[in-house]
Amino acid sequence: MKTGFYPRLAADGIRKNKRMYLPFILTCTGMVMMYYIVEYLATCDVIDHISGGATMRAIFELGSWVIAIFAAIFLFYTNSFLMRRRKKEFGLYNILGMGKRNIAGILFWEIIIIAAISTGGGLLAGIAFSKFAELGMVNVMHGEVTYSLSISVVSVLMTLIIFGIIFLLLLLNSIRQVHFSSAVSLLRSENAGEKPPKGNLILGIIGILLLVEAYYLAVTIQNPVVALVIFFLAVVMVILGTYLVMISGSVVFCRILQKNKSYYYKPNHFISISSMAYRMKRNGAGLASICILATMVLVMLSSTACLYFGEESAINLRYPREINLSFSVSDNSYLSDENVNAIFSDIDEAANSHGVNPENIVRCRQIGTGGMLKDGYVTLDVTAVDNVNLDTYSNVYQFYFMPLSDYNAMSGKNETLNDGEALMYVFRGNFNGNSISFENGRSFEIAKTLDSFVVSGNSAMLIMPTIMLIVPDLSAAIQGIDRLANYNGDPMLSYEIEYDFDTGKNTEIQNELYIAIWNKFRAGNDTIAKYGIYRSSVASRDAERQDFYRMFGSLFYIGIILSLVFIIAAVLIIYYKQISEGYEDQARFEIMQKVGMTKRDIRKTINSQLLTVFFLPLVFAAMHITFAFPIIQKLLLMFNLNNVPLFAATTAISAAVFAVFYTIVYKLTSNAYYKIVSGFGEDGK
């Protein structure tokens with residue numbers, strides 16, 4: 001054959017099938033652009049000059065791999081629509097004498113053309129928009145803006161390698177499909193699967209049970225640690241359940257509608273339900289994919305937006321005061337009034353030297369340990385605690401003992417307790433018992449459960465629930481358990497001193513005081529040696545604020561980018577479903593028009609199909625996000641965010657905006673379906 005025959009034939013095939021190929025090329029271009037932008041953000045120099053840049057870089061690197069993996073899976077999925085449409089043409093070539101090797105040559109040049117257009121266009125668009133993305137990122141993270149434009153050679157090479165591999169795999173898969181198909185099967189590929197699928201009631205029931213179990217887990221879990229472990233299991237169950245229900249259950253649903261004579265025997269319902277019943281098995285998989293993508297968008301947008309707009313709330317919970325100090329001492333003897341007051345005096349002296357009179361003071365001593373709480377009994381055995389399984393995760397708690405004198409001093413109250421009594425405050429957990437007993441230790445009657453308490457930053461940082469016990473005497477409270485040791489022979493108890501306060505001064509003075517205290521109590525300093533301090537934590541809320549901005553801002557930004565990728569994917573699936581099903585239904589509607597069906601009746605049929613089926617993914621996605629709300633809210637606790645109203649608002653707004661967008665997209669794509677089946681446009685001549 002003449003040189004250039006295959007490229008011309010491939011280009012001609014793409015041109016003649018532009019209704020199918022143009023959206024695919026645009027999607028490939030968008031994927032390339034998104035990947036380059038995220039990879040560029042992960043490697044750009046501006047991150048090096050931002051506090052928390054390492055965290056941001058890791059988040060964007062992870063995001064780039066998510067896009068790469070999703071692009072591979074999704075482009076394989078959408079390429080199947082193209083191949084299904086082209087197989088008839090390839091079968092005709094085969095019958096006319098063209099061998100499978102020649103057809104492979106056409107496929108090779110088609111992939112070369114598509115790859116050249118999409119990677120070239122995607123890289124150009126990515127380079128053009130990368131600076132805008134960088135400016136948006138810096139603005140979201142409250143950083144300093146620079147206006148120099150640069151091209152990341154590393155990002156360009158990574159983009160070429162990743163998408164080169166993807167296009168190579170697409171080519172090999174297309175060649176495989178043609179090679180193992182006969183000419184007759186290629187010609188009949190568009191009519192494959194025309195037999196009405198049978199709804200598998202058992203699979204449908206299994207899908208419902210999976211969804212119910214996932215919903216139950218999401219709603220009933222109270223422990224953030226368990227929520228973290230269960231979340232990924234629940235996600236898998238929801239994905240499987242959604243596919244089973246929509247593939248098997250949707251067929252059963254169509255059969256039920258057909259049995260409803262008052263509904264089924266109407267012109268617009270009769271045609272749409274009959275048509276859907278014939279292709280629902282394949283249709284259900286597409287609807288399930290749209291539903292999963294919609295759910296992913298809603299989860300990412302609502303959670304990351306909640307983190308971003310609630311970052312001040314998270315900062316204030318993690319750092320209750322402007323200056324937050326925590327010291328770990330060697331043993332209980334260093335928690336004496338004399339030693340603790342000496343530490344506090346040193347801190348006050350440093351504050352006074354900077355013109356600061358501490359306000360809203362939180363000063364206390366506490367002794368902590370971990371254990372398993374069940375029925376009011378706390379197991380402290382190190383083997384049991386370290387070898388918890390999924391069933392016992394919810395029983396793991398962090399316990400703190402605090403002397404009553406410290407509690408009264410910082411709360412301004414005058415509580416009294418008898419020996420063997422305790423006040424209790426539960427943070428991120430539940431306990432309704434009247435008493436609590438410790439293995440090898442003492443038992444305490446709960447005199448009162450506190451409704452509020454100033455939670456220390458260390459407790460806020462823990463993802464496990466915490467129980468604070470205010471006791472009359474600290475030394476007496478730990479009798480028995482102070483002799484327990486871990487595997488290394490170290491005590492299972494931690495002895496801590498907290499001192500948090502506000503300065504009432506500007507950020508400059510706060511930072512100066514923070515540095516002065518840090519120098520005084522840093523590792524290796526003689527000051528901490530005399531007080532028995534072996535570990536110290538000196539934090540300024542203002543100094544740490546930037547790290548929160550960087551982390552939450554980068555999560556929000558990558559959430560927006562990934563949501564755009566998933567939305568593009570959902571749009572393309574909807575479009576291809578409309579186009580491919582339009583070609584399938586074209587002959588049926590042509591026959592119906594010959595026997596009297598009008599264009600107006602066709603439009604009513606399409607609208608009936610929209611209301612009957614294609615809003616199912618939106619309904620399911622709304623149902624998924626509703627039941628996922630509690631477990632996601634528990635996961636947000638790990639970021640020190642417990643603003644339920646804010647999360648509810650971001651979820652509702654995300655769902656409402658996506659619903660409007662989904663409706664607009666379907667209306668636009670349904671017009672393409674209408675043009676095909678009604679005889680308008682290039683395919684209806």
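In the protein chain, residues 24 or more positions apart account for 84% of the contacts with a separation of 6 or more; a contact means heavy atoms within 4.5 Å. This is a predicted model, where local features need pLDDT of at least 70, side-chain atom pairs count only at pLDDT 80 or more, and totals for chains, interfaces and linings use all residues. Residues are numbered from 1 along each chain as its sequence is written, and side-chain values use heavy atoms, with hydrogens and water left out.

The chain holds 22 helices and 10 strands. These are DSSP runs numbered from the N terminus: helices are H or I with at least four residues, strands are E with at least two. Of the 685 residues, 53% are buried, meaning under 20% relative accessible area with a 1.4 Å probe, protein chains only.

A cavity is a set of points on a 1 Å grid over the protein atoms alone where a 1.4 Å probe fits but cannot get out; lining residues have an atom within 4 Å of a point. The second largest cavity has about 80 Å³ of space. Helix 3 (53–95) and helix 4 (100–140) each give two or more residues to its lining. Helix 4 supplies the largest share, 4 residues. Among the lining residues are Y21, N79, E110 and S174.

| Class in the lining of the second largest cavity | Count |
|---|---|
| Nonpolar | 6 residues |
| Polar | 2 residues |

Conventions
1 Å grid on protein atoms, 1.4 Å probe; cavity = no way out; pocket = protein on both sides within 12 Å on 5 of 7 lines; lining within 4 Å. Points joined across faces, edges and corners; volume = space filled by probe spheres on them. Nonpolar A, V, L, I, M, F, W, Y, C, P; charged D, E, K, R; others polar. Buried < 20%, exposed > 50% of the residue type's maximum accessible area, 1.4 Å probe, protein only.
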